[in-house]
Amino acid sequence: MIRGSVVVQRRRCGKANCQCADGEALHEATVLSYSQSGRNRTVMLAAAQVASVREAVARYRAAQAKLEEAGNAGLAALLAAQAASGRGR
Ligand SMILES: [Zn+2]
């Protein structure tokens, strides 16, 4: 699994005589965007990588959602037990 998100970036390459210079025919690159140490970073993806990276990102999201759900269930169980025993609050 992979943490991050797959995004398509459109940008100019900076060459004055390139077709992208008019701001319309921009270059497209598919990248993995992720944060590390509080910074947003991107890594370029080759066309052949895009599908498998998307799938790996989806697996990470699903695992993260499951973890969150399990953690919330545990929290709810603790709070219910505390309320039932008259403690808490
Ligand atoms: Zn260009």
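This is a predicted model: local features need pLDDT of at least 70, side-chain atom pairs count only at pLDDT 80 or more; totals for chains, interfaces and linings use all residues.
H27 is one of the protein donors of the zinc ion, which it meets through NE2. The other protein donors are the SG atoms of C13, C18 and C20, and the donors lie 1.9 to 2.3 Å from the metal. C20 sits at 0% relative accessibility, so it counts as buried. Along the chain, the donor residues follow the spacing C-x4-C-x1-C-x6-H. As for geometry, the 4 donor atoms subtend angles of 103 to 116° around the zinc ion, so the arrangement comes out as tetrahedral. For comparison, the ideal angle for four tetrahedral donors is 109.5 degrees.

Strand 2 covers residues 27–36 and runs antiparallel to strand 3, with 6 bridges joining the two. Within this pairing, S35 stands opposite N40 of strand 3. The two strands make a hairpin with 2 residues between them, and S37 in the turn takes a positive phi of about 55°. Strand 3 (residues 39–44) is hardly covered, with 0 buried residues among its 6.

Next comes helix 1, residues 47–84. Its 38 residues should span 56 Å at 1.5 Å a residue, and the end C-alpha atoms are 56 Å apart, so expectation and model agree. The buried residues of helix 1 are V50, V53, A56 and V57, and what covers them includes strand 1 (5–11) and strand 2. Just after the helix, G86 adopts a positive phi of about 80°.

Key. Residues are numbered from 1 along each chain as its sequence is written. Side-chain values use heavy atoms; hydrogens and water are left out. Donors are N, O and S atoms within 2.8 Å of the metal (3.2 Å for Na, K and Ca); water is not among the atoms, so sites may look incomplete. Four donors count as tetrahedral if all angles lie between 85 and 135 degrees; four count as square planar and six as octahedral if opposite donors are over 155 degrees apart and all others between 65 and 115; anything else is irregular. Buried means under 20% relative accessible area, exposed over 50%, partly exposed in between (1.4 Å probe, protein chains only). Helices (H or I, at least four residues) and strands (E, at least two) are DSSP runs, numbered from the N terminus. Two strands pair if DSSP finds at least two bridges between them. The expected span of a helix is 1.5 Å times one less than its number of residues. Contact means heavy atoms within 4.5 Å.
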